[in-house]
Amino acid sequence: MFIKTGAKIMTDNDDLRALVRTIPDYPKPGIQFRDVSTLLLDGPAFRRTIDRMIALVNPGSFDLIAGIEARGFIVSAAMSYALEKGKVMLRKPGKLPGTAVSIDYALEYGTDRIEMHDDAILPGHRVLLVDDLLATGGTAMAATTLLRGQGAVVEQALFIVDLPDLGGTRKLTAAGVDPGALMAFAGD
Ligand code: AMP
């Protein structure tokens with residue numbers, strides 16, 4: 001059912017792939033921005049997206065879902081609702097009211113920081129990491145490091161889109177995280 005080209009990619013998602021808009025040279029020259037907002041506008045397609053992401057994982061293999069702000073929240077909330085799993089918010093700086101831990105990381109285009117509450121994870125909690133898109137893997141690796149630093153077991157990550165040529169899948173796999181995605185855009 002899967003082809004293995006870095007991330008585990010589910011086949012037959014051309015219907016969803018066609019709804020991801022490509023915006024060239026955003027946010028800076030040379031970046032092909034894969035914009036999932038056009039997919040999100042289509043309700044039935046969003047439902048199929050979530051259903052097919054759920055089909056890529058074994059719900060018994062994780063306790064919590066971690067979503068990365070902001071587009072990762074859309075995916076993590078829908079999966080969390082469908083699977084009745086709790087979710088951890090990995091937030092942009094300065095948003096969390098409680099005591100937070102943070103990590104800085106490099107992006108495909110710049111640098112950023114994510115934070116989480118320091119009491120969100122119980123030691124040994126198995127966490128599924130989700131975001132809209134995997135590019136260089138900097139964000140997902142930072143999230144993994146942050147979660148593991150709090151005692152979480154992070155062995156699976158799930159994305160709508162993988163950009164395999166940017167190396168994120170290799171980086172996650174090398175760190176012991178198995179990445180899955182519904183579609184890939186090669187050559188970015
Ligand atoms: P990275 O840390 O390089 O794997 O980048 C992943 C994060 O940045 C995700 O949260 C994406 O939403 C966003 N991102 C990076 N590159 C792109 C791109 N080419 N198109 C759309 N989103 C991107």
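Gly-151 touches Ile-121, Leu-122, Pro-123, Gly-124 and His-125, when residues up to four places away in sequence are not counted; contact here means heavy atoms within 4.5 Å. The model is predicted, and local features need pLDDT of at least 70, side-chain atom pairs count only at pLDDT 80 or more, and totals for chains, interfaces and linings use all residues. Residues are numbered from 1 along each chain as its sequence is written, and side-chain values use heavy atoms, with hydrogens and water left out.

Gly-151 is placed in the loop between α5 (138-149) and β10. Helices (H or I, at least four residues) and strands (E, at least two) are DSSP runs, numbered from the N terminus. Gly-151 counts as partly exposed because its relative accessibility is 28%; buried means under 20% relative accessible area, exposed over 50%, and partly exposed in between (1.4 Å probe, protein chains only). Just after α5, Gly-151 takes a positive phi of about 95°. From C-alpha to C-alpha, Gly-151 and Pro-44 are 37 Å apart in space and 107 residues apart in sequence.

Helix α5 itself is mostly covered, with nine of its twelve residues buried. Among them are Gly-138, Thr-139, Ala-140, Leu-146 and Leu-147. The end C-alpha atoms of α5 are 16 Å apart, which agrees with the 16 Å that twelve residues should span at 1.5 Å a residue; the expected span of a helix is 1.5 Å times one less than its number of residues.

Helix α4 (residues 71-83) has 13 residues and reaches 19 Å from its first C-alpha to its last, close to the expected 18 Å. The buried residues of α4 are Gly-72, Val-75, Ser-76, Ala-78, Met-79, Ser-80 and Leu-83. An α-helix has 3.6 residues a turn, so residues three or four places apart point the same way. The buried residues of α4 pack against α3 (43-55), β5 (64-68), β6 (86-90), β9 (126-134) and β10 (153-162).

Asp-131 lies in strand β9. The contacts of Asp-131 beyond four places in sequence include Arg-71, Gly-72 and Thr-139. The side chain of Asp-131 reaches the backbone nitrogen of Gly-72 at 3.4 Å. Asp-131 is buried yet has no salt bridge, and the nearest side chain of opposite charge, Arg-71, is 6.0 Å away. A salt bridge is a side-chain nitrogen of Lys or Arg within 4 Å of a carboxyl oxygen of Asp or Glu; for charge, Lys and Arg count as positive and Asp and Glu as negative, while His and the chain ends are not counted.

In the loop between β5 and α4 lies Ala-70, and the peptide bond from Glu-69 to Ala-70 is cis, with omega near 0°. A cis peptide bond also joins Tyr-26 and Pro-27, with omega about 0°; Pro-27 lies in the loop between β3 (21-24) and β4 (32-35). Asp-25 lies in the loop between β3 and β4, and its phi is positive, near 60°, although the residue is other than glycine. Asp-25 counts as partly exposed because its relative accessibility is 49%. Glu-84, in the loop between α4 and β6, has a positive phi of about 55° although it is not a glycine. With a relative accessible area of 74%, Glu-84 is exposed.

The mean pLDDT of the protein chain is 93, and 93% of its residues reach 70 or more; pLDDT is the predictor's confidence in each residue, from 0 to 100. Over residues 1-5, pLDDT stays under 50. Where pLDDT is low, the predicted coordinates should not be read in detail.

How values were computed
A polar contact is a pair of N or O atoms within 3.5 Å; within protein, one must be able to donate a hydrogen and the other to accept it, and residues adjacent in sequence count only if both atoms are side-chain atoms.
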